[in-house]
Amino acid sequence: MIYLDAAATAPVRREVLEEMWPLLTTTFGNPSSHHTYGEAAADAFSTARVRLAGMLGCRPSEVIITSGGTEANNLALKGISLASPRGRHIVTSAIEHPAVTEVLAYLRDTHNFRITVLPVSDTGVVAPAALEAVLREDTTLCTVMYANNEMGTVQDVAALAGICRRRGVPFHTDAVQAAGWLPIDVDRLGVSALSLSGHKLGTPKGIGLLYLRSGIRCEPVLHGGGQERGRRSGTENVAGAVGLARALELARGALPAAAADAASARDAFIARILTRVPDALLTGHAEDRLPNLASFCFPGVSGETVLLELERRGVVCSSGSACAAGSSEPSAVLLALGLDEGTALSAVRLSWTQATAREDLEEAADAVIASVLAARSLGAAHGLGHLADT
């Protein structure tokens, strides 16, 4: 079986588990406890934070350990917006993850924030000029994701954050998909806040972080014992933090060579499919995209049917965001690109890790081609060709 759904979750890396193991067995104390076990755990947790800060290019005190990307996004958006708002206006893009869009809907419906949604181009790019045009004196926050999880388009976060910085508006980016493939030095990006999730990098699920620049006020979302300097209460996930540090080190240590190799394999993969399925649509930007993700729409077929055919041929992937799995509605991200509903429902996303072999991608490309042809034959046999036009 060829696993090409790393954008949903990556396999856990052995090196990560090996570094986590002592924290799950011998150094298992509560880091808030004042005894040998607790102090050993606290030391390991503090060291992990220092390692993470070093890779982000920030101070250890600016790293808040969370349970994952969703919590990090919630803390950033709710925390910054409710702590000391300049007003009740937030700017975002039309292609954000539900962990952002649902938080903004909550802030709109419960706290009367006004949300401005920036449109994107047909390749998923946010225009810096469009952002500049909507910022106001009462804009409290802007949030635009670094790299899109469904189509892979990468935003010019440094340019967007620079516009906000000049206007005094905090800028947050969801960098969950970008981490491990793109630079995440927070000073170079110029962001006020940045969210990461470990399970996209090879940790077990349940660990992430929020970078929050010093001086940015943030209302806690979780209240309790006052851990994380009062910003995120709850007994710390020491093993998870150590695993996250190791996973990020492993990913970054292989760059930029791994990203270049993955991008080369990606381009060959895309070309192979587009050559054999001429009406296939590549979604997202052709060049400014994640090196490990290719996404297509195949007009005239159901994306779910293609996925079933692919699994029969030994390839596992998805139709888009795992957080929307099982939904019969077309992707809001693909609709934002200007695609019609029928085309959006034909989406297939394939994503891989640094360990994925080029030969596996070549085999998977042939499987995609065969699966689309099989799905079309099946649709024609059952008179389902009209679905693409509904």
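In this predicted model, the protein chain has a mean pLDDT of 94, with 95% of its residues at 70 or more. The stretch 384–390 has pLDDT below 50, and beyond near neighbours in sequence it makes 10 contacts in the model.

**Domain arrangement**

The protein chain is divided into two parts: domain 1 spans residues 14–250 and domain 2 spans residues 255–387. Taken over C-alpha atoms, the centres of domain 1 and domain 2 are separated by 29 Å.

**The interface between the domains**

Contact between the two parts involves 24 residues of domain 1 and 27 residues of domain 2. Together, domain 1 and domain 2 bury about 1,900 Å² between them, and carbon and sulfur atoms account for 63% of this area. On the side of domain 1, the most area is lost to domain 2 by Glu150, Met151 and Trp181, which together make up 44% of what that side buries.

Which polar interactions does the rule find across the interface of domain 1 and domain 2? Nine residue pairs are in polar contact, with both residues of each pair at pLDDT 80 or more.

The residues on the side of domain 1 that touches domain 2 divide by class as follows.

| Class of residue in domain 1 touching domain 2 | Number of residues |
|---|---|
| Nonpolar | 12 residues |
| Polar | 10 residues |
| Charged | two residues |

Key. Residues numbered from 1 in each chain as written. Predicted model: local features only at pLDDT ≥ 70, side-chain atom pairs only at ≥ 80, totals over all residues. Heavy atoms only, no water. Domains from an automatic or database assignment. Contact = heavy atoms within 4.5 Å. Buried area = accessible area lost by both parts, 1.4 Å probe. Polar contact = N/O pair within 3.5 Å; in protein donor to acceptor, adjacent residues only side chain to side chain. Nonpolar A, V, L, I, M, F, W, Y, C, P; charged D, E, K, R; others polar. pLDDT = per-residue confidence, 0-100.
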